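Keep the structure open and follow along.

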Amino acid sequence: MKNLYYVVKKCVGCKTCELACAVAHSESDDLSKALKEKRVARPLVRVYGVSGKDYPVTCRHCKDPKCVAACMAKALTRDVKTGMVLHDEDRCVGCWMCVMVCPYGAIRPNHKIKLPLRCDRCKDKDQPACVKACPTKAILWEEEPEPKK
Amino acid sequence: MKHVVIIGNSAAGIAAAESIRQIDKTSKITILSDEGYEAYCRCLLSYYLAGEVDEEKIPYRPKSFYKENNFDLLLNKKVVSVEPEKNRIVLEDKSSVGYDSLLIATGASPKFPKGVKGLQQKGVFGLRTLKDAKDIVALLSSSGSVCVLGAGLVGLRVAHALSKRKLKVTVVVKSKQVLSQMLDARAASLVQKKLESNGIEFIMGADAVEVLGGAQVKGIKLDSGKEVPCSLVIVGKGVSANMDLVKDSKVKCADGILTDKFLQSSIPGIYAAGDVCENFDLTIGKTAVNALWPIAIEQGKIAGSRIAGASEAYDGSMGMNSIEFFGLPVISLGVYDIKGASVSLEELETFDENKGMYKKLILKDGKMIGAIMVGDIRASGLLLSLIRNKVDVAPFKDKLLLEDFSYPHIAGKTNEKEQMYV
Ligand SMILES: Cc1cc2nc3c(=O)[nH]c(=O)nc-3n(C[C@H](O)[C@H](O)[C@H](O)COP(=O)(O)OP(=O)(O)OC[C@H]3O[C@@H](n4cnc5c(N)ncnc54)[C@H](O)[C@@H]3O)c2cc1C
């Protein structure tokens, strides 16, 4: 299964990934139109500067996801076949239990629309938009390493 | 063939059944419930009451679930006693069911205070089951006002829901603050103000002594003598564990059924999980019942895998909850108030009254044991991880309340399994 990894040495904190992510999750998939949409798309990846280095943070699609266990509306589920944690917007009530339990702080509340913001690995595209957009190749889209024993 | 009996068809019971089946495909698994529905999302009942969630969104598993997993589901069956010496449970209709392993996942029920007269009337409800919710909804068209007794999580959720249904809502609170089981006075007052500014009324420091009326509720009488008219009364005075079924057995109980690190009770072969279970609390350092959905799931999983022969141990639970009223998000984790604490605890906080923003962290010996977040909850998952992993936060204490406190600040310190950086 593929996951997103970040080469901290290469990340310069330009936030191009944030922009590409927001555009990729907009209705139009077009920067000039995205900002005028009714539901303005927000980045699902965030880049944080800590002690002079920059670190992107995204959902890990954990094998034993705490958010799925905590989701009281059954909106979050894990698809065993694809290894993806999926979110059903129609079932979500915006209770923020998933925000409360994510140990990576990778789920943020979008208070405007009462839905969580969380990386979906651009599931409808052949590769995540951030990977393509990163000018320094700091974002890797690779097979997961064998689990450490 | 081994027969596992699970009493309770909800968060804990289902999590256990699923985790048994992951390991053991053949044992017979029987799930009993005294309700008439397949498992549903109990925490959505207040959203259902508000008219925000339809009944079709309530089910917790697809229709095919029980059959596909080969679970025998027995609905509308109330278990009245457990007989460990005979390895069997006895149902209300006097029939009995034998077991090799038993999981008690019977949850909890609303407490109806003894001192209040007239609680048996039609029009007085707790909110625990889908049936409760449906019965309340059926009365909504003929109800203009409601009194909610108690300002705990469920009481306030009901108040919020019924105000969305345009009822006039009055909440009667015995203590000085709302949500006294999860917030300190300052956070509680932010929540209360939010609810008040949206039309919900509070009567603080008062208790109901009587529900007035007869065939129909007409109001409540308070201990001050004052009467508040209403046509519906909801009792939100907390819950107590459903453990009547073991009261004549040797299963040891306190506020819940006492369990060990494998969720086994004092009697081998009998397990408990969820709202009925008392286990070690990580933040207060002694046993407690933490009657919460995610905890019912994690305890159910561990109990189930143990019943199926695995040896994963449970390190304990802790209080944690997330609520949001009229756009104000609030999260409480672990210890939330240091009033009356016998050991010395440290508090870190930021407060901006105008923005309605308040964060407080509680530390003991350099480690976090609790937090409250009002207005900005983004970092709550990181704080929870620091608490659960007992991380020494002293070296980066000054960062914890920063607005952009984020995973890179704690990466490598919390034993999380998934890798992010190379
Ligand atoms: C309105 C509402 C809102 C809530 N909101 C939240 C929230 O925001 N966050 C949170 O963490 N938690 C919340 N909770 C609490 C959460 O629902 C419980 O912690 C959770 O349901 C516990 O699961 P359980 O499986 O232990 O018990 P329950 O869900 O109570 O299920 C118990 C099961 O046992 C069965 N049973 C009981 N006694 C018997 C018997 N004698 N014989 C046969 N069957 C029996 C019942 O029929 C039921 O199937 C809320 C609860 C309510 C009512």
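This is a predicted model. Begin in chain B, with an open sheet of 3 strands. The strand order is E18-E20-E21, and the pairing is mixed. Two strands form the edges: E18 (257-258) and E21 (287-288) of chain B. Each of these edge strands pairs on one side only. Now look at the link between E18(B) and E20(B), the latter spanning residues 277-280. These strands run parallel and are joined by 2 bridges.

Next, turn to the place where the chains meet. How many residues does the contact take from chain B and from chain A? Chain B gives 42 residues and chain A gives 43 residues. The area buried between chain B and chain A is about 3600 Å². Carbon and sulfur atoms give 63% of that area. Which three residues supply more than any other three of the area that chain B buries against chain A? They are B:Glu418, B:Met420 and B:Val422, with 18%.

In one salt bridge, the side chain of A:Lys66 meets that of B:Glu416, at 3.8 Å from N to O.

Which elements of chain B build its side of the contact? Helix H7 (293-307), strand E22 (320-325), strand E23 (328-334), helix H8 (380-388) and helix H9 (407-410) of chain B each supply at least two residues that touch chain A. The largest share comes from H8(B), with 5 residues. By residue class, the side of chain B that touches chain A divides into 24 nonpolar, 8 polar and 10 charged residues.

B:Ser143 lies in the loop between helix H4 (130-140) and strand E10 (145-149) of chain B. Is B:Ser143 buried or exposed? Its relative accessibility is 10%, so B:Ser143 counts as buried; the cut-off for buried is under 20%. The side chain of B:Ser143 reaches back to the backbone oxygen of B:Leu139, at 2.6 Å. Leaving aside neighbours within four places in sequence, B:Ser143 is in contact with B:Leu167, B:Ser231 and B:Leu232.

The second residue is B:His160, found in helix H5 (residues 153-164) of chain B. B:His160 has a relative accessible area of 11%, so this residue is buried too. Beyond its neighbours within four places in sequence, B:His160 is in contact with B:Ile200, B:Glu324, B:Phe325 and B:Phe326.

Finish in chain A, with a hairpin. Strand E2 (residues 46-50) of chain A is joined to E3(A) by 5 bridges, and the strands run antiparallel. One pairing to locate is A:Gly49, whose bridge partner in E3(A) is A:Asp54. The hairpin of E2(A) and E3(A) has 2 residues between the strands. There, A:Ser51 takes a positive phi near 45°. Why is strand E3 (residues 53-57) of chain A described as largely enclosed by the rest of the structure? Because 4 of the 5 residues of E3(A) are buried.

Technical notes
Residues numbered from 1 in each chain as written. Chains lettered and ligands numbered in written order. Predicted model: local features only at pLDDT ≥ 70, side-chain atom pairs only at ≥ 80, totals over all residues. Heavy atoms only, no water. Pairing = 2+ DSSP bridges. Contact = heavy atoms within 4.5 Å. Buried area = accessible area lost by both parts, 1.4 Å probe. Salt bridge = Lys/Arg side-chain N within 4 Å of Asp/Glu carboxyl O. Nonpolar A, V, L, I, M, F, W, Y, C, P; charged D, E, K, R; others polar. Buried < 20%, exposed > 50% of the residue type's maximum accessible area, 1.4 Å probe, protein only. Polar contact = N/O pair within 3.5 Å; in protein donor to acceptor, adjacent residues only side chain to side chain.
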